[in-house]
Amino acid sequence: MIILYHPRATKPRNRRLPLAVLALAAALEGKEEYEIVDGNLEDGATESILKLISEHHVELLGVSAMPGPQMVAAMETSREVRRLHPEVTICWGGYFPSLYPDAALNARYVDYVVRGQGEDTLLELLDALRGNRSLDSVKGLLYKDIFGLRHDNGERPMKGPDEFPWSPFHRLPVEKYMRPSFFGKRTAVHHASIGCPFNCSFCGVHAAYGNKEKFESPERTVAILTHLVDQYGADSVQFYDMNFFLREDLARDLCDRMAHLNLRWWCEARVDIMSRYTDDTWAAIKRAGCTMIFFGAESGSDWVLEEMQKGITTEQTLDIARRTYQFGIIPEFSFVVGNPNDPERDTRETLNFIRKIKRINPDSEIIIQHYTPTPQPHKAGGEMYGNIEVPFPDTPAGWATKEWMNYTLRIDTNAPWLKQKTKNLIDNFETVVASRWPTVQDIRAPKWTRLFLQALSAWRYTFRVYGFPFELHLANQFIALRKPKRESL
């Protein structure tokens with residue numbers, strides 16, 4: 001038996017279908033005996049895994065791990081399995097080991113690491129473990145041999161979604177994942193593409209998957225969405241693609257095909273690409289049910305955007321603010337503030353730029369992050385902007401410490417180039433803006449709570465008084481609205 005483990009990553013109310021392990025399950029379906037254990041669904045996920053091991057011959061425990069809380073849960077379970085059942089082979093895949101393969105391999109409880117796309121790698125690894133092929137022939141695999149020497153078998157060429165079978169939804173209680181959200185009472189999730197073709201120097205996506213993006217055909221996307229609607233009652237969907245609207249012709253085709261499903265949905269897109277779309281395409285996107293689009297605006301300074309290799313301009317972001325307002329789609333603009341070369345200037349210009357966006361489109365949701373470096377391998381097209389040396393932890397246990405968890409979650413990156421005064425300004429501005437325009441994504445909050453926050457923060461925003469917003473911190477603790485930058489939709 002193969003166990004596919006999706007460690008807990010979020011609160012129960014925010015859980016969504018575990019697409020990563022479902023993709024692996026699709027590769028195994030009809031070929032191998034397997035079970036999925038989802039920590040977001042089960043309180044005792046580790047106990048469930050140990051029970052399966054005690055009742056079956058388990059060849060492999062496959063663990064999917066994102067940086068942050070999910071990595072910690074993966075570490076704790078893997079450590080316990082290794083302690084009680086040292087005979088079980090443990091393989092980590094996903095975003096964390098793809099970004100930090102050496103740290104993952106340094107853990108005594110990790111035997112193999114899969115970097116990037118894992119469906120074919122998993123099948124070939126099973127063949128190798130059974131003696132049907134050599135380990136060094138498995139692309140995308142990293143491992144330690146019996147002498148402790150490390151082997152990296154190189155990158156596996158990426159395949160598009162259409163080259164793999166559908167997710168085996170029947171292997172999970174799908175109805176338990178259809179949770180209420182701002183978009184509907186039963187929100188599904190889907191991945192219509194994989195990867196990203198851009199080389200933004202602050203981002204870890206291309207470091208993990210290379211600078212390519214492969215698309216699912218519009219016909220297949222609509223077929224899967226129709227299945228989720230007909231079989232499980234989905235009324236809304238969140239698309240996890242890095243760039244959902246990379247090509248206008250595909251975007252228009254998909255939106256025309258899915259309009260009859262009457263879904264409300266969220267996706268991510270690029271500012272520069274959508275600023276070139278025609279009004280007809282924007283209208284088609286709105287008709288198809290698009291309710292909110294996440295845009296990586298990143299900075300209010302063109303010189304910073306150039307250093308980031310972002311490939312967009314501030315004027316394009318302002319154009320997107322205008323066009324989303326025109327078509328009644330809520331934009332979610334994300335900013336990475338604190339350029340290492342001149343953090344004070346970057347902060348000043350970006351905060352002023354956000355105010356300009358709010359004047360154009362008051363419905364804009366604003367997400368503010370401190371710049372947090374991630375590894376940028378040479379193959380991916382560049383180094384971290386600012387030429388920063390960061391002593392990343394070399395084990396999962398190191399990443400699990402409070403300091404590095406705060407770093408991963410951007411609670412406190414402890415950036416040496418960011419003065420405390422500047423950091424406080426960023427954080428206080430974020431508090432004021434989030435209070436002046438409380439997120440619409442919290443479906444539990446009564447209307448009066450938003451009105452109260454708006455009234456309490458109006459004078460601060462009007463007169464640009466951001467310092468020491470104690471009353472807003474207190475009010476937000478009491479009201480506790482959803483935090484979009486930390487919680488799944």
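In this predicted model, A283 has its place in helix α11, which spans residues 279–287. With a relative accessible area of 22%, A283 is partly exposed, since the buried class ends at values under 20%.

Another helix, α10, covers residues 271–274 and contains D272. The relative accessibility of D272 is 7%, so this residue counts as buried, the limit for that class being under 20%. Leaving aside residues up to four places away in sequence, the residues that D272 touches are G311, I312 and Q316.

The strands come next. An open sheet is built from 7 strands, arranged in the order β2-β1-β3-β4-β5-β6-β7, and its pairing is mixed. At its edges stand β2 (34–38) and β7 (150–152), each of which pairs on one side only. When direction is ignored, neighbouring strands of the sheet are turned against each other by 20° on average.

Within this order, one pair can be followed down to its residues. Strand β5 (residues 112–114) and strand β6 (residues 141–144) run antiparallel and are joined by 3 bridges, and V114 stands opposite L141 in β6. Helix α6, made of residues 119–129, packs on the sheet, where it touches β1 (2–6), β3 (60–64), β4 (89–93), β5 and β6. The direction of helix α6 makes about 155° with that of β3.

A further contact is the one between two helices, α2 (residues 45–55) and α3 (residues 69–84), whose axes come within 10 Å and cross at roughly 30°. Because of that angle, α2 is roughly parallel to α3, a description that applies to angles under 35 degrees. The crossing in which α2 passes α3 is right-handed. On the side of α2 the contact is made by T46, I49, L50 and I53, while α3 contributes T77, E80, V81 and L84. What is the make-up of this contact of α2 with α3 in nonpolar, polar and charged residues? Its residues divide into 5 nonpolar, 2 polar and 1 charged.

How values were computed
Residues are numbered from 1 along each chain as its sequence is written. This is a predicted model: local features need pLDDT of at least 70, side-chain atom pairs count only at pLDDT 80 or more; totals for chains, interfaces and linings use all residues. Side-chain values use heavy atoms; hydrogens and water are left out. Axes are lines fitted to C-alpha atoms, for helices over the stretch in contact, and angles run from 0 to 180 degrees between N-to-C directions. Helices (H or I, at least four residues) and strands (E, at least two) are DSSP runs, numbered from the N terminus. Angles under 35 degrees count as roughly parallel, over 145 as roughly antiparallel, 65 to 115 as roughly perpendicular and the rest as oblique. A crossing is left-handed if the near helix is turned anticlockwise from the far one by less than a right angle, and right-handed if clockwise. Contact means heavy atoms within 4.5 Å. Ala, Val, Leu, Ile, Met, Phe, Trp, Tyr, Cys and Pro count as nonpolar, Asp, Glu, Lys and Arg as charged, and the others, Gly among them, as polar. Buried means under 20% relative accessible area, exposed over 50%, partly exposed in between (1.4 Å probe, protein chains only). Two strands pair if DSSP finds at least two bridges between them.
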